Amino acid sequence: MTAVTTPAAVRRPHLTRWVLRLHRPELVAWAGLVLLGAALLLWLGGPLTDAAADGWRQYNACDWSDKCSYDQDAILRYKDAYNYLTLPLAALPLLVGAWAGAALTGRELESGTAQLAWAQGVTPARWLATRLALPAVAVTAGTSLLVFLHHRAWSAARGRIGTAKSWWDPWTFHTNGPSTVALALAALAVGALAGLTLRRALPALAVSLVATAGVWGLAQWLMPHLWPAVTRVTGLKHGYDGLYSGITVDQGLVTRTGEHIPEPVCSAHTTEECLRMFEKRNAVGFFHTYHPYAHYGPLQLTTSALALALAGLFTVAAFLVLRRLTGALRPGKGATA
Amino acid sequence: MSDTALEATGLGKRFGRRGGWALRDAAFRLPAGRVCALVGPNGAGKSTLLALAAGLLPPTEGRLTVLGGTPAGARARVGFVAQDKPLYPQLTVAETLRMGADLNPERWDAATAEQVVAGGDLDPRSRIRSLSGGQRTRVALALALGKRPELLLLDEPMADLDPLARHELMGTLMAEAAQYGTTIVMSSHVVAELEDSCDHLLLAGSGRIRLAGEIDDLLAAHLRVSGAAESTDLSAHTVVESRVTGRQLTALIRPAGPLPGDLRTSVPSLEELVLAHLRNPGAPALSAAPAVTQGSAA
């Protein structure tokens with residue numbers, strides 16, 4: 001019995017089919033993970049949220065003059081489920097990066113199977129392009145579905161559950177929008193780059209994890225500065241405006257000359273004493289520079305754009321490393337002899 | 001099609017900026033259609049030279065022309081089997097060959113590939129990871145031969161094979177070379193392994209190409225001489241190696257003219273020639289191939 005095909009009328013190498021075949025176990029695992037996550041997020045956004053909202057309604061209806069009973073278990077169950085789903089979803093780029101570094105490029109170069117592919121009718125450039133494009137499609141599709149369902153679940157709880165996470169909670173912020181998808185793509189590219197650079201699976205896995213965490217941290221650190229924030233100025237008696245309603249960029253005192261200065265540490269026991277101390281420093285009010293909920297969309301998009309730009313940079317770097325590794329990526333024009 | 005399979009000028013490869021040179025100043029020309037033995041001790045630069053020719057490594061300096069073009073441009077027409085015979089462990093034998101067919105759609109010769117595998121009594125359904133070293137070699141060779149390459153580069157192809165398989169596969173390779181005019185370069189650190197099958201020699205030692213040319217020409221260019229130690233003057237000739245035992249001098253030389261009549265001379269064996277050059281790295285290199293490139297494809 002032989003299963004060898006004869007050359008058909010095809011001209012271009014069927015690389016796609018083989019990348020899918022070689023990584024079939026991972027693809028199946030990814031599909032399973034996405035389906036499981038989707039099912040859990042639907043459960044979170046549906047029955048769990050409804051039960052917890054009922055519990056909160058009962059709680060809010062209590063007048064506390066008498067014994068009051070409310071479904072505390074439902075509230076706690078929602079909270080646990082939300083946290084246990086949000087954190088892994090936020091950490092998904094780490095998984096993608098580790099896999100890309102270890103399995104997508106690192107192991108291939110370590111075992112020499114990358115060279116095996118290049119010794120067939122496949123140029124290194126096409127090899128890398130296919131190896132990046134196919135996982136990028138799978139990662140984009142799977143992660144997009146998950147963040148969409150997460151956002152849906154989060155919205156269902158908004159205003160109904162007292163302990164629901166605010167939109168600006170770092171994990172919630174990213175898992176609610178496309179920035180997690182973009183970060184996963186950046187992780188894919190940085191993992192591929194690490195694998196090509198180190199050419200060994202295990203070190204590439206470790207470096208990919210660290211680099212992905214770095215990219216995540218960088219995106220989170222730069223995020224508030226990627227869209228102009230609003231500044232609210234209020235009188236000293238009024239206190240800060242908009243505190244704990246969004247992402248704070250800066251806060252402090254406004255002086256008589258309009259200068260913004262940091263709020264000095266006040267260890268007095270009463271607010272009055274502190275206000276007198278502020279007045280001594282020429283303060284006339286407070287300022288609060290922050291992003292209100294209306295900025296969620298622009299912040300998500302600019303953060304995603306930043307992550308995608310990083311993904312692009314890592315991809316270019318990966319092709320440059322590959323060129324250094326193998327020489328010309330494409331067959332050059334007939335060289336002179 | 002170029003009449004030159006491989007041509008190197010000043011070819012060198014260094015790994016890392018501060019690493020040592022794996023290969024340096026290599027200059028040789030391998031005409032198309034030859035079966036070439038690439039011989040040298042471990043670490044001589046054989047694998048590096050083959051990887052450079054396969055377009056899997058860029059040279060650090062110098063130039064290497066493969067089938068009249070760049071190594072990268074020739075990749076589709078070159079078959080390469082690396083020393084550790086990398087294959088995808090999760091694929092079956094049949095899938096591996098089907099991959100060869102899919103990745104080389106214009107050149108794939110299924111019959112040849114199947115024949116090489118069938119010779120080893122391999123179940124096409126067995127996974128690569130379950131195969132022995134020799135069986136893997138067989139599949140790797142099938143993948144390289146199925147591509148119907150114009151130039152076949154084999155890095156220690158016979159190392160894992162039992163004598164029977166070695167004989168059979170060598171026969172397959174020779175038949176391939178005879179039928180399609182395939183140029184074959186195979187490396188080994190054992191000269192005797194390749195002596196009967198090859199007509200061309202590249203001898204690598206310490207990262208240099210020490211001898212290059214038709215084996216017959218190389219042998220004809222050397223003489224083993226012996227005579228009385230005190231009366232023999234070989235200074236007019238290139239002495240590769242000389243040894244004095246008592247009053248007797250024996251030497252391997254490249255004669256540059258008529259020899260004194262009282263010397264006994266004999267033609268060295270290939271093994272003697274190779275060993276003498278490896279023992280004496282100071283001996284000048286010799287390239288016995290025609291140095292002129294004749295009308296290679298532009």
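User: How far apart do the C-alpha centres of domain 1 of chain A and domain 2 of chain A lie?
Analyst: This is a predicted model, in which local features need pLDDT of at least 70 and side-chain atom pairs count only at pLDDT 80 or more, while totals for chains, interfaces and linings use all residues. Residues are numbered from 1 along each chain as its sequence is written, chains are lettered from A and ligands numbered from 1 in the order in which they are written, and side-chain values use heavy atoms, with hydrogens and water left out. In chain A, domain 1 takes in 12–59, 73–223 and 296–328, whereas domain 2 covers 230–294, the bounds coming from an automatic or database domain assignment. Between the C-alpha centres of these two domains of chain A the distance is 39 Å.

User: Which residues in domain 1 of chain A lose the most area to domain 2 of chain A?
Analyst: Domain 1 and domain 2 of chain A bury about 730 Å² between them (accessible area lost on being put together, 1.4 Å probe, summed over both), and 67% of this lies on carbon and sulfur atoms. On the side of domain 1 of chain A, three residues together account for 61% of what that side buries, and they are A:W167, A:W168 and A:Y296.

User: What is the angle between the ring planes of A:W171 and A:W216?
Analyst: Over all chains the count comes to 13 aromatic pairs (Phe, Tyr or six-membered Trp ring centres within 6.5 Å; planes under 30 degrees stacked, over 60 edge-to-face, the rest tilted). In one of them, A:W171 and A:W216 have ring centres 5.1 Å apart, and the pair is tilted because the planes stand at 35°.

User: How many residues does domain 2 of chain B bring to the contact with domain 1 of chain B?
Analyst: Chain B is divided into domain 1 (4–214) and domain 2 (217–287), and 33 Å separate their C-alpha centres. Contact (heavy atoms within 4.5 Å) takes 17 residues from domain 1 of chain B, and from domain 2 of chain B the number is 17 residues.

User: Which element gives the largest share of the side of domain 1 of chain B that touches domain 2 of chain B?
Analyst: The two domains of chain B bury about 1300 Å² between them, 65% of it on carbon and sulfur atoms, and 8 residue pairs, both at pLDDT 80 or more, are in polar contact. Elements giving two or more residues to the domain 1 side are β2 (21–31), α7 (191–195), β8 (200–205) and β9 (208–214) of chain B. The largest share, 6 residues, comes from β9(B).

User: How many residues apart in sequence are the parts that A:E108 and A:R131 tie together?
Analyst: The whole structure holds 19 salt bridges over all chains (a Lys or Arg side-chain nitrogen within 4 Å of an Asp or Glu carboxyl oxygen). One of these joins A:E108 to A:R131, with the closest N and O atoms 3.3 Å apart. Because A:E108 lies in helix α4 (residues 92–111) and A:R131 in helix α6 (residues 124–157) of chain A, the pair ties together parts whose separation in sequence is 23 residues.

Key: Polar contact = N/O pair within 3.5 Å; in protein donor to acceptor, adjacent residues only side chain to side chain. Helix = DSSP H or I, 4+ residues; strand = E, 2+ residues; numbered from the N terminus.
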